[in-house]
Amino acid sequence: MKIGFSEKSSSDVQVFLVAENGTLKAAAQALDTASGGLLGEALKAGAFSGKVGQSVSVVLPASASARRAVLIGYGAASRDARTLERIGGELYKALANSGFSALDLNDLDAADAPRIALGVMLAAYRFDTYHTQLKADQKPSLTSVTLIVPDGEQARQDFVPLEAAAAGTYLARDLVNMAPNDLYPESYARRLEGLSEHGLEVEILGEAALAKLGMNAMLGVGQGSVRDSQLGIMKWMGGDPDQDPVVLVGKGVCFDTGGVSLKPGAGMEEMRGDMGGSAAVAGAMLALARRKAKVNVVGLVGLVENMPDGNAIRPGDVLTSASGQTIEVQNTDAEGRLVLCDVLWYAQEHFKPRAIVDLATLTGAIVIGLGHHHAGLFCNDDGLANALTAAGLDEGERVWRLPLGPEYDRLLKSKFADMRNIGGRAAGSITAAQFLQRFIRDGVKWAHIDIAGVAWVEGEKAVTDPSWASGFGPRLLDRWIADTYED
Ligand code: BES
Ligand code: MN
Ligand code: ZN
């Protein structure tokens with residue numbers, strides 16, 4: 001989707017935003033007058049009240065300056081960011097398959113333009129990579145939206161950070177949507193290397209390097225797979241060179257069968273999305289690079305495939321993590337924490353993080369607890385927790401804080417090793433977070449975001465979230481970093 005901002009309108013399709021009071025603003029008024037009152041008639045005949053989600057389309061006579069006029073509901077006077085994004089999304093939906101490729105959007109308040117444009121972008125996402133037989137009418141015709149504003153240059157500048165965030169969301173969605181035979185640790189690593197074209201420094205460590213680092217918990221997860229495990233390291237150094245970085249960590253289980261503790265067959269294909277945390281990190285890194293953020297951020301992703309195999313880890317195996325702590329594997333399906341514990345350790349050994357935020361599709365229990373509308377937040381620092389919560393509200397990627405505490409930590413006690421990798425039935429998302437916290441050194445600010453319920457959603461969704469994968473994370477992380485570290 002090409003988004004443009006212009007002072008002058010020229011397209012054959014003229015779209016007008018009309019608020020709930022129903023009065024046409026300047027541009028619509030002018031066309032209404034020129035067309036002998038056609039737009040006013042359409043409002044009445046179309047039972048149009050200006051509510052967000054409504055639209056009326058008017059075919060114009062040959063004498064008119066455009067071929068089609070479309071009225072879109074602009075809602076009530078005070079519009080928050082979500083409503084503006086939705087308006088952009090509804091606008092896209094109304095015209096996506098209209099047969100027209102370009103439109104001009106008129107009569108919007110200039111301050112609303114960037115958010116509406118973001119809504120158009122988010123709604124226009126498609127994942128058709130594997131469809132080879134789509135007919136022309138199954139593909140959207142609309143490829144270009146121009147927002148008419150008093151100062152096009154200003155609007156273009158204001159849109160840069162939102163466009164960057166949208167690019168991050170697109171990348172995260174693509175990665176989660178991709179088939180697991182297509183996106184596996186090594187192909188994923190190649191894809192990350194491609195991000196260097198945006199100015200990111202990307203380094204990949206393979207199994208030999210990970211073994212040298214003692215990352216045996218992460219390697220243990222991958223050892224049943226014919227695919228080699230990979231650690232992806234992405235750096236955006238846009239800040240002062242001697243400023244310590246913020247570190248983002250992502251779970252990148254490219255496919256989670258559960259391993260020897262095999263998952264049930266029904267719905268297992270969804271576990272293609274078990275790399276959603278790593279996709280959020282990659283998307284955030286891309287967003288930072290695209291808007292040339294003035295801050296240093298490192299993104300680390302642990303890429304593995306969890307398979308049952310003669311060489312796979314067994315329940316009962318004891319793994320020695322990079323931190324030196326030993327882990328009794330009681331369930332090979334609790335693999336995400338085994339990956340993350342080594343990557344979190346790597347983050348603290350190799351950097352002095354101002355804060356670490358990890359994202360992971362870690363537990364089914366968070367889906368039971370919070371459903372699909374909030375991710376779970378676990379955090380050892382109130383300031384960090386509050387900042388992430390605020391950023392999530394601002395960008396519509398909401399997090400909800402849950403507790404940590406020694407009573408939960410005790411549930412990880414093992415007879416045979418320093419800890420076991422499951423806690424038991426109670427508080428499954430919290431014991432997973434407690435497990436991770438055992439690898440965070442005193443004084444390091446850390447947050448864990450369990451995105452198992454929000455990384456992908458089946459069924460009813462917002463217009464701005466059109467594919468299976470939601471692309472949750474990049475906008476939240478980008479906003480948190482901008483508001484906390486760049487002023
Ligand atoms: N990847 C899953 C968690 C998950 C579940 C993500 C549903 C998205 C949707 C994770 O690796 C897992 O299997 N967790 C287990 C942990 C249990 C064995 C302690 C779970 O939640 O059942
Ligand atoms: Mn699992
Ligand atoms: Zn998993």
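This is a predicted model: local features need pLDDT of at least 70, side-chain atom pairs count only at pLDDT 80 or more; totals for chains, interfaces and linings use all residues.

Student: Okay, what is the secondary structure made of?

Tutor: You'll find 15 helices and 17 strands in the protein.

Student: How does the radius of gyration compare with that of a compact globule?

Tutor: The idea is to set the value beside what the chain length leads you to expect. A compact globule of 487 residues would have a radius of gyration near 23 Å, and the protein has 25 Å, which agrees. Its C-alpha trace spans about 85 × 50 × 40 Å along the principal axes, and 57% of the residues count as buried.

Student: Now the metal site. Which residues coordinate the zinc ion (ligand 3)?

Tutor: To read a metal site, look for the donor atoms around the ion. Here they come from Lys251 (NZ), Asp256 (OD), Asp274 (OD) and Glu335 (OE), at 2.0 to 2.4 Å.

Student: And what geometry does the site have?

Tutor: For that, check the angles among the donors. The zinc ion (ligand 3) has six donor atoms with angles of 77 to 174 degrees, and its site is octahedral.

Student: Which residue coordinates both the zinc ion (ligand 3) and the manganese ion (ligand 2)?

Tutor: Aspartate 256 does, and the two ions are 3.2 Å apart. Aspartate 256 lies in strand S9 (residues 246-256), while aspartate 274 sits in the loop between S9 and helix H9 (276-290), so the pair ties together parts 18 residues apart in sequence.

Student: Are those two aspartates buried or exposed?

Tutor: Aspartate 256 and aspartate 274 are both buried.

Note on methods: Residues are numbered from 1 along each chain as its sequence is written. Chains are lettered from A and ligands numbered from 1 in the order in which they are written. Side-chain values use heavy atoms; hydrogens and water are left out. Donors are N, O and S atoms within 2.8 Å of the metal (3.2 Å for Na, K and Ca); water is not among the atoms, so sites may look incomplete. Four donors count as tetrahedral if all angles lie between 85 and 135 degrees; four count as square planar and six as octahedral if opposite donors are over 155 degrees apart and all others between 65 and 115; anything else is irregular. Helices (H or I, at least four residues) and strands (E, at least two) are DSSP runs, numbered from the N terminus. Buried means under 20% relative accessible area, exposed over 50%, partly exposed in between (1.4 Å probe, protein chains only). The radius of gyration is taken over C-alpha atoms; the globule rule is 2.2 Å times the number of residues to the power 0.38.
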